Every structure is written in structure tokens, then in C-alpha cells.
Amino acid sequence: EDAGDYKCVATNDVGVVERSLTLTLQSPPVITVEPAGTVLEAGATAVLDCQARGEPPPAISWSRQGQPLLDSDRVTLLPNGSLRIAALQREDTSQYECVARNLLGSVLVTVPLTVQGGPARAKGSIIGNINDVEFGIAFLNATVMDSLDSDTRVIQAKITNVPRTLGPAMRKLVSILSPVYWTTAKEIGEAMNGFTLTDAVFKRETQVEFATGEILRMTHIARGLDTDGALLLDVVVSGHVLQLQSVADARVVLQDYTEDYIQTGPGQLHAHSTRLFAADGVSVPYTWNHSITYDPSKGRMPFLVQTLRAASITTEYHPLQEAVAFKIQASIAKGIVLGLPRNQTMGKEYLLFLGFIESPIVLVLLSTDIDECESRDTCQHECRNSLGSFQCVCPAGYRL
């Protein structure tokens with residue numbers, strides 16, 4: 001409060017003289033409003049607040065890892081010193097610095113910005129044959145949104161141009177969407193979904209086996225995001241699926257299930273699950289196995305095993321539109337290490353290097369699987385062993 005205009009006046013019998021001066025008190029910058037660390041979904045808008053005081057009033061600038069930020073289509077330096085970033089992308093995840101400067105010096109504060117998620121949409125094409133029926137090109141379109149009442153993401157998808165002879169059978173093929181719900185699943189804790197881990201660029205080989213002997217194979221190619229932020233996906237399918245005589249008109253119910261994702265090497269994952277669907281009261285189990293490859297430079301999952309949970313699944317076929325509709329809720333979290341996929345080996349040194357084991361006892365748990373099919377009494381006909389389980393299979397033309 002001592003700053004201001006002062007006047008000195010001198011007088012005597014001869015006259016008066018005066019001088020005026022202005023007193024200015026300068027001070028270095030001080031941050032008065034610090035930006036807070038922020039976690040947002042891709043596509044949202046971030047506003048990082050930063051205010052400072054000093055004399056002369058400090059100028060505020062922003063940088064990212066030491067590189068100055070300038071106004072652009074998505075980045076705006078607001079008049080009050082805040083930084084706004086619109087249409088957030090995964091690449092915007094970084095440390096940001098707010099710098100306040102005046103004649104007496106400068107002050108800097110850093111803030112982390114983390115962009116999570118998931119593409120909000122997915123689109124692609126599906127070609128191939130199912131049950132020896134060629135279906136030309138089918139088209140996949142999906143939307144993704146956060147669930148309002150649970151910690152999941154809701155994926156709604158429609159596959160169009162599906163022949164009526166195949167539509168009812170495709171209602172149980174929810175894993176044709178596996179790249180979509182793996183890429184966009186809600187991340188719980190430090191778990192990574194497919195987008196965070198691979199930037200949505202990967203190849204996925206899938207095989208499904210029904211308890212009655214049918215086998216279907218799929219190849220998914222994820223090509224990243226287009227300019228609108230939609231996941232681009234190409235799918236090739238070939239093989240057979242179980243068709244019950246009454247399934248065309250029956251209500252198909254898909255039970256909730258989990259998929260375990262295991263890091264088997266740099267840029268390599270194995271995923272598997274066992275599922276159940278019911279049509280007209282007939283329950284049929286079937287298993288899925290996935291092999292995923294991606295750019296090894298993207299790094300590894302934060303955990304050796306991650307578990308994806310798929311719930312509240314609905315499916316129906318619209319014959320007039322020749323379209324199959326799916327709805328599914330998905331989340332991904334740290335998984336429990338119960339075993340390794342068959343024909344996959346990990347040396348003790350490799351696991352110790354990754355920090356996943358601390359003693360040889362755990363290694364035994366990771367590498368040992370009991371083959372129930374070694375006993376002749378397990379199944380009446382064919383027995384197929386799987387990780388931690390087994391299936392009994394009937395001869396062709398019969399079902400359990």
C-alpha cells in the first residue's frame with residue numbers, strides 16, 4: 001500500500017518549489033492458482049487452470065515437456081492464463097508446465113494430464129463363410145459409452161447384410177466383437193485395455209470350439225483410428241457353428257463370461273474363455289482361444305494376466321433388416337495367475353525379469369495343468385483337455 005504518487009514541497013520567504021515522483025514496488029511472480037492433475041476420456045475437453053500475481057503483472061505461458069505450446073486447432077491459451085485442449089487424444093497424455101514471468105524472475109509448476117479410453121465408435125467389414133454359406137460382405141458399426149449405473153462401458157453393435165440362413169446362428173458369436181470390447185473396455189485400476197496397450201493396431205487370431213465338435217476360426221485386423229476417432233476393423237471368418245433345429249425362432253441367452261489375457265512375450269498375448277449359451281432351454285458350452293500380436297515397442301500389460309468381464313449381453317436377429325444386434329458391458333482389471341496356456345512356456349528367469357514371480361513354487365503353479373482326459377472314464381466318447389478344464393465331445397451327427 002506504500003506504492004503511489006508522492007510530492008515533495010520546499011518553501012521559504014522567497015518562494016516555493018516542488019517535485020513529484022511515483023513509487024512502484026516490484027515483486028517476483030507467485031502462483032496463486034495451481035493446475036490440478038487431470039484424468040479424462042478421449043474426446044473430452046481439458047482445462048488446466050493457472051494464475052499468478054506479481055509486479056509487474058506476470059505473463060503466463062505453457063509448455064509440454066519443455067516444448068512451448070502455441071494456439072492451434074485444439075489448443076487454446078485463455079486470457080486468464082489457463083490452458084484448454086479440446087478433442088483429447090491418447091497422445092495428449094503428458095506432463096504440462098505453467099510458467100509465470102516478469103522482470104524480477106519466473107516460477108514454474110507442472111501438472112500431469114492423462115487421457116483414457118476408448119474409441120467411441122468402431123466400424124469395419126466382415127467376409128468369409130459360416131456353415132459353408134458365403135455371405136459376401138457384412139458391415140459392422142458400433143458405439144461405445146460409459147454405463148451410468150456400473151463401472152463398465154456399454155458397446156452396442158449391429159452387423160448388417162447377414163443372410164437369413166446365417167442370422168440366427170450368428171446371434172451367439174458375440175466374440176466377433178472381441179476386438180471392439182477389448183479395445184474399449186473400462187479400465188479398472190492400472191489395467192490397460194486394447195487401445196491403451198496397442199493404440200488399436202493389432203492382429204487377432206481366434207478359434208471357437210463347440211462341445212459338439214464344430215470349429216470356427218476368425219482373423220481380426222485392427223488398423224487404428226480414422227480421422228473421426230473410429231476404430232477400423234477387418235474380419236475374416238471361416239468354419240462351422242452349432243445350429244439347433246429350433247434355434248432360428250428361439251430366444252438365445254448368452255451368459256456372462258470372462259476372458260483372461262496373458263502376456264506370452266513382447267508384443268504377444270494369449271486370451272481364452274469358456275462360455276455358455278442357451279436356446280429353448282438347451283445349454284451349450286463352447287470355448288474361445290485368441291492369439292494377439294502387436295508392435296512390441298508399445299510395451300507390455302502392467303500385469304501378467306488381465307481379466308476382461310463381459311456382462312448383460314443381449315443379442316437378436318432382425319430378418320427384415322438382415323442385421324444382428326448385440327449389446328454388451330465390458331471392463332478389464334488385473335487378473336489372477338492360475339496357469340499358462342498349453343504349449344506356452346515361460347522360463348523362471350523370464351518371469352523373474354518381469355517381476356511376476358518371486359519363488360520357484362509360483363513357477364510350478366504357472367506351468368502345470370492337469371490333463372483330465374488321461375483317464376478313460378472322463379468321457380464316453382472324445383475328451384478334449386483345456387487349461388484348467390476339459391470338454392466331452394460327441395461324434396459327428398450327435399449332441400450332448
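Select Asp92 to begin: at 6% relative accessibility, Asp92 counts as buried. Buried means under 20% relative accessible area, exposed means over 50%, and partly exposed lies in between, with a 1.4 Å probe and protein chains only. Those areas come from the Shrake-Rupley method with a 1.4 Å probe, and for residues only the protein chains shown count as cover.

Some ground rules. This is a predicted model, where local features need pLDDT of at least 70, side-chain atom pairs count only at pLDDT 80 or more, and totals for chains, interfaces and linings use all residues. Residues are numbered from 1 along each chain as its sequence is written, and side-chain values use heavy atoms, with hydrogens and water left out.

**Stop 1: salt bridges**

What do the side chains of Arg74 and Asp92 meet in? They meet in a salt bridge, at 2.9 Å from N to O. A salt bridge is a side-chain nitrogen of Lys or Arg within 4 Å of a carboxyl oxygen of Asp or Glu. Arg74 sits in the loop between strand S8 (67–68) and strand S9 (75–77), and Asp92 in the loop between strand S10 (83–85) and strand S11 (94–102), so the pair ties together parts that are 18 residues apart in sequence. Helices (H or I, at least four residues) and strands (E, at least two) are DSSP runs, numbered from the N terminus. Arg74 is partly exposed, at 23% relative accessible area.

How many salt bridges does a search of the whole structure find? The search finds 11.

Select Lys186 and Asp146 next. They form a salt bridge, with the closest N and O atoms 4.0 Å apart. This pair links distant parts of the chain: Lys186 is in strand S16 (residues 186–187) and Asp146 in strand S14 (residues 133–146), 40 residues apart. Lys186 is buried, with a relative accessible area of 15%. Asp146 is partly exposed, with 36%.

Go on to Glu205 and Lys203. Their salt bridge has its closest N and O atoms 3.5 Å apart. Glu205 is partly exposed at 34% relative accessibility. Lys203 is partly exposed at 37%. Now select Asp146, Arg153 and Lys186 together: salt bridges that share partners join these residues into one network.

**Stop 2**

Switch to a surface view. Rolling a probe the size of a water molecule over the atoms shows where empty space is left. The second largest pocket has a volume of about 420 Å³. Of the 19 residues that line this pocket, the closest to its centre are Ala42, Leu88, Gln89, Leu225 and Gly229. Select those five names to find the place. The lining divides into 8 nonpolar, 5 polar and 6 charged residues.

On a 1 Å grid over the protein atoms alone, a pocket is an open set of points where a 1.4 Å probe fits, with protein on both sides within 12 Å along at least five of seven lines; lining residues have an atom within 4 Å of a point.

**Stop 3: a nonpolar patch**

Select Tyr6, Leu21, Leu23 and Leu25: they make a nonpolar surface patch of about 370 Å². Patch residues have over 30% relative accessible area and no salt bridge; like charges are joined within 9 Å, nonpolar side chains within 5 Å. Zoom in on Leu25, in the loop between strand S2 (16–23) and strand S3 (27–33). Leu25 is partly exposed, at 46% relative accessible area.

**Stop 4**

Select Gln391, in strand S27 (residues 389–393). Gln391 is buried, at 10% relative accessibility.

Now pick Cys379, in the loop between helix H5 (360–367) and strand S26 (382–386). Cys379 is buried, with a relative accessible area of 10%. Cys379 and Cys392 are 13 residues apart in sequence and 5.5 Å apart in space, C-alpha to C-alpha.

**Stop 5: the backbone**

Most residues other than glycine have a negative phi, and most peptide bonds are trans. Select Glu55 and Pro56. Is the peptide bond between Glu55 and Pro56 cis or trans? It is cis, with omega near 0 degrees. Pro56 is in the loop between strand S6 (51–55) and strand S7 (59–64).

Select Asn161. Its phi is near 65 degrees, a positive value. Asn161 lies in the loop between strand S15 (153–160) and helix H1 (167–170). Finish at Asp199, where phi is near 60 degrees, also positive. Asp199 is in the loop between helix H3 (194–198) and strand S17 (201–210).

Definitions and conventions
Points joined across faces, edges and corners; volume = space filled by probe spheres on them. Nonpolar A, V, L, I, M, F, W, Y, C, P; charged D, E, K, R; others polar.
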